[in-house]
Amino acid sequence: MEIEFEHRTAAHCEDGVTANLLRFYGYDYSEPLIFGLSASLYFVHLPFINLAGFPVTSFRPLPGVIFARVTRLLGFKIRKTVFLNRKNAVRKLDTLINRGTPAGCVVGMYFLPYMPLEYRFHFNAHNICVIGKEGDNYLISDPVATEKVTISSRDLLRARFSKGTYPPFGKLYWIKSLPENEPDIKKLVHAAIKKNCHRMIHEPGPVPFVGVNAFNYLGNKIPKFPKIYGDRKAALHLAQLIRMMEEIGTGGAGFRFLYAAFLQEAAEITGIHELNDFSLHLTDIGDQWRIFASEAGRICKNRSQEGVDYQTIGNHLKAIGQQENRFFTGLDKLIKSK
């Protein structure tokens, strides 16, 4: 059985699954709008949580939050569940498919055979949508794939119950019912921008590793990597940071570009044309993230240009933080005046 489901690619997996699921039910929202409504442009460095042996640096909230926030704002009722028993996990997914209900699924990327080898690493927060089953194979809409793909029941089960940091435990989520009233997108966009600014510049308070505070915190730590870890482990630590930025969950620059596109759309929706200027500003910041990643990558490979070292990129990160602080402070002032 195959559910009649339109597959579209996306920059980020959870945004893509959310947008595709909403479109299935007749609500055609863009990926940037989905991301912007969730108010999910973050920056955190968490020294007390490890991934692959190194502290977690993230540019978004925990997996599942974007889908939950957006559907709640728009008035959808959803269901989500995890499983301790694998047979129950298979049975529930098959029941949803047989009912014609597409199901979002959280999986470990390492066990997805259709992924290119360079992307098959142990990351347990990738989102896909299961849209059919033929024999022993499931039909998948994966937002990072150009077309619908198939996966064996064995491989999908391994991916749903992959081990390691943040194991998914077979997590499924789906839409149960539609909004009773048409969502007021203009009002929701205005509130979402205000909330994202608050989360980046006000909510962290004195906490040093969250929001705009995290830039100085991590920027001051990076120059100390060689002394703390030694040359080899310092390079691995930096490589893990780049992977979190550029490969896992879209990354620093990618999310900045996505939010910049949202601000362009928001300018049209709300009539606040100054948002176009903030969109350009954030695009410039995204470019700085790309340069930072490139410089850090050269250091990891021992190919850095003269004058570029751990101290240089630490300073660069703090400079990006200053730009983001100005950006969110200005955006906060603008949106509160309207």
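Visitor: Which residues line the largest cavity?
Guide: In this predicted model, the lining of the largest cavity consists of His45, Pro55, Thr57, Leu218, Phe225, His237, Gln240, Leu241 and Met244.

Visitor: How do the lining residues divide into nonpolar, polar and charged?
Guide: Five of them are nonpolar and four are polar, while no charged residue takes part.

Visitor: What volume does the largest cavity have?
Guide: Its volume is about 50 Å³.

Visitor: How many cavities of 30 Å³ or more are there?
Guide: The count comes to one.

Visitor: Changing topic, what is the phi of Ala39?
Guide: Phi of Ala39 is near 50 degrees, which is a positive value in a residue other than glycine.

Visitor: Where does Ala39 lie?
Guide: Ala39 sits in the loop that runs between helix H2 (31-37) and strand E1 (44-51).

Visitor: Is Ala39 buried or exposed?
Guide: Ala39 counts as buried, because its relative accessibility is 2% and the cut-off for buried is under 20%.

Visitor: What about the phi of Phe169?
Guide: Phe169 is not a glycine either, yet its phi is positive, at about 50 degrees.

Visitor: Where is Phe169 found?
Guide: The loop between helix H5 (153-160) and strand E8 (172-177) holds Phe169.

Key:
Residues are numbered from 1 along each chain as its sequence is written. This is a predicted model: local features need pLDDT of at least 70, side-chain atom pairs count only at pLDDT 80 or more; totals for chains, interfaces and linings use all residues. Side-chain values use heavy atoms; hydrogens and water are left out. Helices (H or I, at least four residues) and strands (E, at least two) are DSSP runs, numbered from the N terminus. Buried means under 20% relative accessible area, exposed over 50%, partly exposed in between (1.4 Å probe, protein chains only). On a 1 Å grid over the protein atoms alone, a cavity is a set of points where a 1.4 Å probe fits but cannot get out, and a pocket is an open set with protein on both sides within 12 Å along at least five of seven lines; lining residues have an atom within 4 Å of a point. Grid points are joined across faces, edges and corners, and a volume is the space filled by probe spheres set on the points. Ala, Val, Leu, Ile, Met, Phe, Trp, Tyr, Cys and Pro count as nonpolar, Asp, Glu, Lys and Arg as charged, and the others, Gly among them, as polar.
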